Structures are given as structure tokens and as C-alpha cells.
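Here is a guided walk through a single protein chain. Please have the viewer ready, so that you can find each residue as we come to it.

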Amino acid sequence: MGTNLNPQWEKFLVPSEDDSIRCQHTSSPLGNGAIVETSDRKIIVLQRSTNVGEFPGHYVFPGGHPEPQEIGITSHHYGKDLTGSELINKKVSQEMFDSIIREVVEEIGVPVSTLCNTVFIGISRRELNVRPTAFFSIKCSLESKEIQQLYLSAQDGYESTQLYAVSLSELENMTSKMPGCHQGGFALYKLMVESLKNT
């Protein structure tokens, strides 16, 4: 209700001095997304179901959002004693990585043990409602054919209708049908790949 997921979010856009074009006066829940690369060098892309609220039918990378309750945060009320803030920061940081692994496992059905080299590659935000998404690169030790089979029994498989395992060039052609933040995630991934080539 008080987030930019509200169906009437555009009514909350109010120009301000720090952002004269788009300033949203609601909270922005942080999403996450993963560019998962298979052992046969394909990238996993899902096509969202037409029954989901956000971006039905669009191509997306596996993802969702971190879960504060996983680390014991159940409200926004904190006392003035900040002695535990360093511990909370460490837990929040760890949850960022743990949550993207959970989302990948739930959405494409691969075992946790097949995922490795989780690297935070940056944050992209949607063009319209400015919701931020943290993107990660993750390697999977399985081939794309194996992942296709596991996807058939994925826990959250209902959120999507199809899993694609595509090359970098094929993915380039799919980005026009991705939400803006996922287009940004792909741009971050390409920057990472280019920088690794130059090292």
C-alpha cells in the first residue's frame, strides 16, 4: 500500500528540488535478480506468467527480493542503542546473497549445491517507478538441458511459463521485452563480462 508497488503509484510522483522529474514519496522495496550462467555457457531467462501482477508475459532473470524476517527484522522500530547495528549490517549483507540463491532455487528448481561464484554486479532501477533491483552473476554447474528438466518441478514455477537458456547474442534480442530494471541488469552483466576480458 505505501510502496511503489501500489497500483496507483503514478499519483505519488511529485516533483521536488532534488528530482524535478520523478520523486516518489513512498518506499522503494529492493528487488534482486540473477544472471545465471550454465556450464554450457547459456544464460537463464524466464517468461513471466500472464497471471502475475508485475510485468505479465515479460522476459526476466530469476529473482525476487530479500526477506528481512529471515534475519530477525520484523519491524522498523529500533531503540537508540546502536551497539547491534554492526551485526545487523552484516546480517543484512549476508541476506542479500542468501536471498538471491533462494530465489534462483525456487524459480528454476536447481539444487543450491550447483550454484557458485555469486557476485554482486550492481543496482539497476526501473525507469518509471524507480524501484531498485540488486543484480548478481551466478554460475551453475549444470548444463542448460538439465536445468530445463529441473524447472518443470520448480517450487515457484507458477510465476513463469517458460525457461529459456540463451546465448549472449540471443539475450540481446530479448531485452526489448524485459522490464527496464532487467535491461539494466543485463547491461551490468555485459560490463562485467567486458571487464573480465580485459584483465
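Predicted model: local features only at pLDDT ≥ 70, side-chain atom pairs only at ≥ 80, totals over all residues.

Of the 199 residues in the chain, 40% are buried. Contacts reach across the sequence too: taking those between residues at least 6 apart, 66% join residues at least 24 apart.

Now turn to helix H4, which covers residues 180–197. Its 18 residues reach 26 Å from the first C-alpha to the last, close to the 26 Å expected at 1.5 Å a residue. Several H4 residues are buried, including Cys181, Phe186, Leu188, Tyr189 and Met192. What do the buried residues of H4 pack against? Their partners are strands E1 (31–37), E2 (43–48), E3 (59–60), E5 (115–125) and E6 (132–140), together with helix H3 (168–174).

Our last stop is Ala154, in the loop between helix H2 (144–151) and strand E7 (160–166). Is Ala154 buried or exposed? Ala154 counts as buried because its relative accessibility is 14%, and the cut-off for buried is under 20%. Leaving aside residues up to four places away in sequence, Ala154 touches Glu106, Glu107, Ile108 and Gly109. Ile108 lies 46 residues from Ala154 in sequence, yet their C-alpha atoms are 5.5 Å apart in space.

How values were computed
Residues numbered from 1 in each chain as written. Heavy atoms only, no water. Buried < 20%, exposed > 50% of the residue type's maximum accessible area, 1.4 Å probe, protein only. Contact = heavy atoms within 4.5 Å. Helix = DSSP H or I, 4+ residues; strand = E, 2+ residues; numbered from the N terminus. Expected span 1.5 Å × (residues − 1).
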